[in-house]
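Please view the sequence and the structure first.

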Amino acid sequence: MTNTTRLTVAQALVRFLAQQWIERDGVEHRLIAGCIGIFGHGNVAGIGQALAEQGAGTHDPLPYYLARNEQAMVHTAVGYARQSDRLSTLACTSSIGPGATNMVTGAALATINRLPVLLLPGDLFATRVASPVLQELEDPRSYDVSVNDCLKPVSRFWDRVNRPEQLPAALLGAMRVLTDPAETGAVTLALPQDVQAEAHDWPEELFARRVWHVARPVPEPAALARAAELLRGSRRPLIVAGGGVKYSGACAELARFAGRHGVPVAETQAGKGALPYDHPCAVGAIGHTGTRAADTLAREADLVIGIGTRYSDFTTASRTLFRQAGFLNVNVAAFDAAKHAAETLVADAREALKALGDVDWRADPGWTSRAAELAAGWQAETDRFYGGTELTQPVVLGVLNEVAAGGVVVNAAGSMPGDLHRLWRASDPGQYHVEYGYSCMGYEIAGGLGVKLAAPEREVFVLVGDGSYLMMAQEIATAVQEGVKLVIVLVDNQGFASIGALSESVGALRLGTAYRKRGPDGRLDGERLPVDLAANAASLGADVLTAADPQTLRAALAKAVASPRTTVVYVETVPGPAPAAEAWWDVPVAEVSGLAEARAARERYDEAKRDQRPYL
Ligand SMILES: Cc1ncc(C[n+]2csc(CCOP(=O)(O)OP(=O)(O)O)c2C)c(N)n1
Ligand SMILES: [Mg+2]
């Protein structure tokens with residue numbers, strides 16, 4: 001007979017999660033490093049009670065963090081998972097109803113970025129005895145529907161635990177997906193309120209220490225032979241390094257491979273930092289937010305070797321960038337490997353690079369040296385953008401880049417991701433953290449909190465625009481509560497610099513993209529708003545410093561670094577020179593319009609669209 005322990009479903013869940021470990025390359029990590037949440041009637045008596053009962057409060061196996069917004073807490077879990085190379089994450093507990101649906105955006109962000117997070121929304125009574133309960137959707141066609149069904153399309157695994165007996169299989173399924181690099185993303189276990197509190201006799205094996213092994217699949221020999229054939233036939237190869245290179249810990253192998261075979265390496269947003277910026281093969285950012293070096297090479301390359309990339313439209317310049325190339329894709333996920341009718345190596349990035357390293361072949365030496373010259377040209381251009389005397393956005397980034405050496409820069413949306421992608425100099429893979437799969441305004445501070453929790457030894461620099469800040473600044477209070485130090489650089493340009501410029505370029509006249517009062521003409525182009533973001537940050541418990549020029553910015557950042565407290569450095573930027581796009585992005589423009597601006601934009605659009613290819 002198996003021994004059993006009588007616990008509630010929530011107590012069993014908490015005890016199980018604290019015993020999950022993940023192993024790769026012989027090193028074990030705690031899979032679920034903690035639980036972040038907000039309690040309501042849908043989780044306080046279940047998960048809340050179980051968390052309170054574990055340990056004696058101070059050294060709980062599953063430490064509890066109190067967030068301020070459920071979307072934000074998923075961002076924090078994502079930041080944690082990404083900084084941990086997907087080898088550790090946080091569980092997120094929410095109440096039912098709005099607490100749960102607030103997590104939908106975070107879940108989509110996690111899944112799109114291929115990052116593991118465990119979501120534990122409360123759900124309606126499984127017994128339905130008191131329906132409709134507070135916050136119940138009530139679908140007249142089916143009593144089986146709840147708002148948690150919104151989490152299905154944005155989760156890689158979704159289950160509802162309607163009976164205690166279902167819990168063990170649900171947990172094992174959830175852990176499998178969280179720890180599988182090819183399948184990972186948001187994992188949701190919806191937990192009916194009554195079931196959370198229900199007692200059951202659990203087999204003790206459920207609570208044994210369990211280690212999940214992360215596979216490093218090796219390339220299939222026949223696929224490797226086909227890939228080698230492609231390499232040997234290529235004179236102008238270009239590597240596109242995506243986030244998968246970093247998550248696999250393949251950066252050193254990539255540097256070796258590129259160096260040995262003379263292959264230039266371009267980086268996506270998620271892959272940036274895979275090579276140190278000054279590595280002889282590094283040509284920097286690729287795509288719509290790419291460097292002139294990488295985008296020029298991309299147009300001329302005869303073979304694109306995509307490693308751990310999902311080929312977003314920013315990377316391919318909406319399928320206009322690669323003009324002469326075939327594709328060889330290395331990816332642990334068959335779905336991503338198969339993109340653009342590529343020859344595929346479905347394998348771990350590090351293992352695939354090792355295997356390909358043995359192929360006796362070199363890129364055309366002229367191509368390799370041209371790449372190095374182009375890259376040097378871009379570094380000189382970066383120096384020019386960084387070296388201005390006025391507080392333009394590139395100058396802010398330049399000063400920060402100098403101060404932030406060794407730290408991590410965190411950003412997600414607005415005009416900064418593009419400037420960062422092109423200009424930022426990262427010396428190691430952990431230094432660059434721009435969430436550009438979902439490019440979600442509001443990720444910055446919440447995600448930065450997760451980064452700092454995962455890497456307390458690093459200085460974390462959160463760069464946030466005024467638009468993103470206004471959307472989600474409240475996690476400053478969480479950072480202050482936890483004594484987790486962030487340096488937050490708040491860049492105020494009174495609205496949406498990014499979408500303002502885009503709006504103008506598509507004939508939408510910048511409508512509604514500046515933070516201004518309604519003016520005399522009835523449009524949103526009146527006076528500047530009397531909003532004081534520095535005072536707002538101070539009210540949340542952060543120290544606040546203000547910078548007005550490059551010198552005071554440097555001094556403020558130095559002070560923020562020296563301080564043990566979360567510090568917001570408030571900067572108002574001035575418009576000025578910024579790197580321009582070297583490649584297109586497909587944003588469809590009105591085909592008919594009474595506005596001359598829109599008609600002109602449509603002409604430019606039709607012209608650019610001619611370069612679009614299906615990549616078959
Ligand atoms: C949640 C969310 N809503 C809308 C958008 C579309 N969007 C992208 S950038 C941007 C403006 C960002 O403003 P700010 O943070 O001030 O950055 P700036 O463009 O001024 O650099 C908007 C509205 C988005 N990315 N995320
Ligand atoms: Mg702004």
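This is a predicted model: local features need pLDDT of at least 70, side-chain atom pairs count only at pLDDT 80 or more; totals for chains, interfaces and linings use all residues.

Residues are numbered from 1 along each chain as its sequence is written, chains are lettered from A and ligands numbered from 1 in the order in which they are written, and side-chain values use heavy atoms, with hydrogens and water left out.

The magnesium ion (ligand 2) is coordinated at 2.0 Å by Asp466 (OD), Asn493 (OD1) and Gly495 (O). Donors are N, O and S atoms within 2.8 Å of the metal (3.2 Å for Na, K and Ca); water is not among the atoms, so sites may look incomplete. The donor spacing in sequence is D-x26-N-x1-G. Aspartate 466 lies in helix 19 (residues 466–471) and asparagine 493 in the loop between strand 21 (487–492) and helix 21 (497–505), so the pair links parts 27 residues apart in sequence. Helices (H or I, at least four residues) and strands (E, at least two) are DSSP runs, numbered from the N terminus.

The buried residues of helix 6 include Leu167, Ala170 and Leu178. Buried means under 20% relative accessible area, exposed over 50%, and partly exposed in between (1.4 Å probe, protein chains only).

The count of disulfides, pairs of cysteine sulfur atoms within 2.5 Å, is 0. Cysteine 92 is in none, and its nearest cysteine sulfur, that of cysteine 35, is 7.4 Å away. The sulfur of cysteine 150 is 16 Å from the closest one, in cysteine 440, too far for a bond.

| Residue | Relative accessible area | Class |
|---|---|---|
| Cysteine 92 | 0% | buried |
| Cysteine 150 | 41% | partly exposed |
| Aspartate 466 | 2% | buried |
| Asparagine 493 | 24% | partly exposed |
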